[in-house]
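Subject: A structure for you to explore

Hi there,

Here is the structure I promised to send you. Have a look at it first, and then read on for what I found in it.

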Amino acid sequence: MLGSIRRYGTEMVHRTEQSERIIEALVEGEAIRGRSLWEDARRRFFRNNAAVGALICLGLVMLFTIVGPLFSQWSIEEIDWARMGNIAGEGHPSVESGHYFGLDGLGRDLYARTIQATRTSLIVGVIGAFVAVVIGTLYGAFAGFVGGWVDNIMMRTVDVLISIPYMFIIILLMVMFERSFFMLFVGIGIVSWLDMSRIVRGQTLSLKNREFVEAATTAGVGRFTIILRHIVPNLLGIVVVYATLLVPLMILVESFISFLGLGVQEPNTSLGALISEGAGTVIYGTPWQIACPIFFFLVTIISLFFVGDGLRDALDPKDR
Amino acid sequence: MTAYIIRRILVAVPTLVVLILLCFFLMQVAPGGPFTSERPLPPQVLANIEARYGLDQPLWKQMWDYLVGIVTRFDFGPSFAYRDRDVNDIIAHGFPITLTYGLISFVVATLAGMGIGVAAAIRHNTWLDYIAVGATFSAQALPNFVMAPILVIVFTWQLGWLPGGGWNGGQWQYLVMPVIALSTSYVASITRIMRSSMLETLNSSFIRTARAKGLPEHKVVWRHAMKPAMLPVVSYLGPTFVAMITGSVVIDVYFSTGGIGRAYVDSALNRDYAVMLGVTILYGGLTVLFNLLVDVAYAWLDPKIRY
């Protein structure tokens, strides 16, 4: 960019006519199109091979959960009576029996169950991150922007909530009400936004004394409009990064709960539940029952970590 | 410093009270009491049982009694499922076991993580650094419930070196796998935090000064860089502690150590709310206490902190 300005500069001395046009163009903001933060970030992200590879892996897993059921010959709860008597002998993964990932301990098709479990995990992760983004961002931005005693009360509340071991609260909620997807989402929604609100508040504090906010205030824009139109868009970068890093954490929480057998109820399943079942039966010579869910679990989590890391490198202004 | 500690305690106490009241409130609004069963009990029997557990009292009185019982007598009340045991018995039976391997895991995770992190930072951009970074990045995705079955498959069923579960008075063979399973992903996280923070510290100007005046490298690292570089790790110890507590439930269940996690999961499946609440509050209290210690340690380590 500097080079092109300098070139324009030397040409300006010779050709006044063209320089007029260039100056006009500069004023109109056409001659040098600024690169936005997002364009910059996209380029940096796609230069990061590990992150791009992880993104492709993640895309494949998602595609598998969408397209996979089309090829499934069994449902998640059908029991293959013909083979259930001898699972270790006949329940291994095979194409001709239609059980691509083999049978589980009760004679159900592991292919269909793994797809359903992976889908559960991904949905839980995305919903947790979504709740965190919506509640956490608004809460943190409001507290940080308003400041004073309101901020104090709001953030002390977060302090109190954050030091409660939340896993136990989610389990408590699920056991006391019902062990359904809905309750799981409620439980995860309750805890996921706390960290986000702290991060957003910190960023808001550093944003709110900047000139553009002052300009908006001078122009008579209301407080809530400033938060929504001026503060929140400037927080997006950091919010996207932390939301991406939150997705695997939410998946871990859900898998943890279902590993203990306290997650969603049968016949619905989840990766934690499948890992737990597989770990219990591996002694009977059925290694595929633990290998399949662990494979999908690790691929999903590690890809998400890499994508989140790549996004942080691309977007976090601290590391520039 | 004293004022700071007192102020922190003043924040910690309401946290505990909120936790206890929240748990109690949840128990009240949950549909179906602990004694609702398929076959309805005769009303008189039900009334007797409710009187025995104090459930016929007004709500505020139940809440107050529960709170006072915990604060003054450390009494979590009777269990709803086992007539002859109260929550304190269950905790007293399992908690020492959980605490033993939990503390060992915590120390292992902290020391190993810091050690590897410092080593990787000192040997920045060598093969040691690359291995540490690569391994810890993947190991972060190995939570206790994935590590535990993998360890058992390898060390118990394939190699036959270690027992696949049990406690046996805490002999070392029975401790190895629980500790590894519980600490792996936190060794990884602490290593990453320690490495990047040590790298940042080693690039700062006071380290250049220390090197310029001719100090040997080990003195530069241990006497000058270590203390400021430790700060991010110290602030991560709180979350690590919570994660150890939570993870111990999986360890107790999977390795049948006889720890408190088994009782917790059983009580969740039996809807024995009293035990669930007791364990939750105990762990919440430990968390609050530990966070208090971490904050004090942080204030002591970091001279820049405002009291």
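Predicted model: local features only at pLDDT ≥ 70, side-chain atom pairs only at ≥ 80, totals over all residues.

**A helix pair in chain A**

With that in hand, take helix H4 (residues 49-71) and helix H7 (residues 110-146) of chain A, whose axes come within 9 Å and cross at roughly 135°. Angles of 65 to 115 degrees count as roughly perpendicular and those over 145 as roughly antiparallel, so H4(A) and H7(A) are oblique to each other. Their crossing is left-handed. On the H4(A) side you will find Val61(A), Met62(A), Thr65(A), Gly68(A) and Pro69(A), which meet Ile115(A), Thr118(A), Arg119(A) and Leu122(A) of H7(A). Sorted by class, the residues of this contact are five nonpolar, three polar and one charged.

**A helix pair in chain B**

Now turn to helix H8 (residues 205-212) of chain B and H9(B), with axes that come within 10 Å and cross at roughly 145°. Here the crossing is right-handed. H8(B) brings Phe206(B), Ile207(B), Ala210(B) and Arg211(B) to the contact, while H9(B) brings Val220(B), His224(B) and Ala225(B). This contact has five nonpolar residues, one polar and one charged.

**Where the chains meet**

How many residues of chain A are in contact with chain B? There are 30, and they touch 35 residues of chain B. On the chain A side, the elements that give two or more residues are helices H8 (148-162), H9 (166-176), H12 (223-259), H13 (271-281) and H14 (288-315). H14(A) gives the most, with seven residues. By class, this side of chain A has 26 nonpolar, three polar and one charged residues.

**The largest nonpolar core**

In soluble globular proteins, nonpolar side chains tend to be buried together. In this model, the largest nonpolar core has 147 residues, and Ile171(A), Ala148(B) and Val250(B) have the most contacts inside it. Helix H9 of chain B (residues 217-255) gives the most to this core, with 19 residues.

Which residues is Ile171(A) in contact with, leaving aside its neighbours within four places in sequence? They are Ile257(A), Leu262(A) and, from chain B, Ala268(B).

Enjoy exploring, and write back with any questions!

Best wishes

Methods. Residues numbered from 1 in each chain as written. Chains lettered and ligands numbered in written order. Contact = placed C-beta atoms within 7 Å. Helix = DSSP H or I, 4+ residues; strand = E, 2+ residues; numbered from the N terminus. Nonpolar A, V, L, I, M, F, W, Y, C, P; charged D, E, K, R; others polar. Core = buried A, V, L, I, M, F, W, Y, C linked by C-beta atoms within 7 Å. Buried ≥ 20, exposed ≤ 12 C-beta atoms within 10 Å, placed from the backbone. Axes fitted to C-alpha atoms, helices over the stretch in contact; angles between N-to-C directions. Left-handed = near helix turned anticlockwise from the far one by under 90°. Parallel < 35°, antiparallel > 145°, perpendicular 65-115°, else oblique.
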